[in-house]
Amino acid sequence: MKAKVNVKTIMKMKNQEKIAMVTAYDYVSAKLVDSAGVDIILVGDSVGMAAHGFTSTLPVDMTMMLIHLSSVARAQPRALVVGDMPFLSYETSIEEAVRNAGLMMKTGADAVKLEGGLEYEETVRALVRAGIPVMGHIGLNPQRALLIGGYRKRGISEREREKILEDAKALEKAGAFSIVIEYTSADVAKEVTEEVSIPTICIGSGPWCDGQVLVFHDLLGLTENPPPFSKQYANLKEVITNAVKSYVEEVKTGRFPEEKHYFIEKKD
């Protein structure tokens, strides 16, 4: 059995081996993706959209994240488990950020992820000082989509490119062990990857990062409107629908249950 993945394992993979990260939100999905060999399981705030039907990640709170994180942790995966810090769990104060990140670690996270760059440099520094490994998240920050007019591409203008590079370097300086780059021009993501010594993990930001991440529901074909940068590796929506249709038909026609599915207690 391979050893448990830790943050040092991930950091050593830069320029050596591509990092595969997938979201998972419960015991079953964590078991499945871990057995498939992913390096990192992200218990993402995307659970709000993927599993709870919200139109954004903003309604997700710490209570929800801790429930999903504890479910994933009980799977005891070999992969590194990263807990996403939800909206307003770290923005209000450094003290609140440390407290909430600490709750995630106590619940089973191996690290936490937070959105933002230079503006949260001191927060990241405080978390690392408290012994909490931090994964950064730059480019498109879904929790701040309202500020930029929606889920739009990043790194288009020279000003955005400079800001993304500045954010990446600030996170590295603060002690982050890796950085997610979302929906950013691939050439900018490539430049970031070359400029920092910590691994970068792309989502919709091209092939030149040190790794990639996809949402569990997107790659399995369970999302109604997947983002343009995701890839569907299976159509489980069709498989599941057909399976349930077969069950309904067998119940209606009396073909289920068969004798092997029940017992009769014989009386003397």
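Predicted model: local features only at pLDDT ≥ 70, side-chain atom pairs only at ≥ 80, totals over all residues.
**Exercise 1.** Determine which residues of H9 are buried and which exposed residues lie on the face turned away from them.

*Solution.* 
1. H9 covers residues 186-195, and its buried residues are Val188, Ala189, Val192 and Thr193.
2. Viewed down the axis of H9, these buried residues fall within an arc of 140°, so they line one face of the helix.
3. The face turned away from this buried side carries Asp187 and Glu194, both exposed.

**Exercise 2.** Describe the overall make-up of the chain: its secondary structure, its span, its buried fraction and the share of its contacts made between residues 24 or more positions apart.

*Solution.* 
1. The chain contains 11 helices and 8 strands.
2. Its C-alpha trace spans about 80 × 35 × 35 Å along the principal axes.
3. Of the 268 residues in the chain, 47% are buried.
4. Among contacts with a separation of 6 or more, 59% join residues 24 or more positions apart.

**Exercise 3.** Characterise the lining of the largest pocket.

*Solution.* 
1. The volume of the largest pocket is about 810 Å³.
2. Its lining comprises 34 residues, and those nearest the centre are Ser46, Met49, Val215, Asp218 and Pro227.
3. Two or more lining residues come from each of strand S1 (19-23), helix H3 (47-50), S6 and helix H10 (216-219).
4. By class, the lining of the largest pocket holds 18 nonpolar, 9 polar and 7 charged residues.

**Exercise 4.** Carry out the corresponding analysis for the second largest pocket, and name the element that gives the most to its lining.

*Solution.* 
1. The second largest pocket has a volume of about 340 Å³.
2. It is lined by 16 residues, of which Gly139, Asn141, Ile148, Arg154 and Lys163 are closest to the centre.
3. The elements giving two or more residues to this lining are strand S5 (134-139), helix H7 (145-148) and H8.
4. H8 gives the most, with 4 residues.
5. The lining divides into 6 nonpolar, 4 polar and 6 charged residues.

**Exercise 5.** Locate the nonpolar cores of the chain, and trace the contacts of Met104.

*Solution.* 
1. In soluble globular proteins, nonpolar side chains tend to be buried together.
2. The largest nonpolar core here has 52 residues, and Ile41, Met104, Val112 and Leu114 have the most contacts inside it.
3. Beyond four places in sequence, the contacts of Met104 include Met62, Met65, Leu66, Leu69, Val112 and Pro86.

**Exercise 6.** Decide whether Pro86 is buried or exposed, and describe its surroundings.

*Solution.* 
1. Pro86 is part of the loop between strand S3 (80-84) and helix H5 (94-107).
2. Buried means under 20% relative accessible area.
3. Pro86 counts as buried because its relative accessibility is 1%.
4. With residues up to four places away in sequence set aside, Pro86 touches Asp45, Val60, Asp61, Met62, Met65, Glu91, Met104 and Gln143.
5. Lys173 lies 87 residues from Pro86 in sequence, and their C-alpha atoms are 23 Å apart.

How values were computed
Residues numbered from 1 in each chain as written. Heavy atoms only, no water. Buried < 20%, exposed > 50% of the residue type's maximum accessible area, 1.4 Å probe, protein only. Arc of directions from axis to C-beta. 1 Å grid on protein atoms, 1.4 Å probe; cavity = no way out; pocket = protein on both sides within 12 Å on 5 of 7 lines; lining within 4 Å. Points joined across faces, edges and corners; volume = space filled by probe spheres on them. Nonpolar A, V, L, I, M, F, W, Y, C, P; charged D, E, K, R; others polar. Core = buried A, V, L, I, M, F, W, Y, C linked by side-chain atoms within 4.5 Å. Contact = heavy atoms within 4.5 Å.
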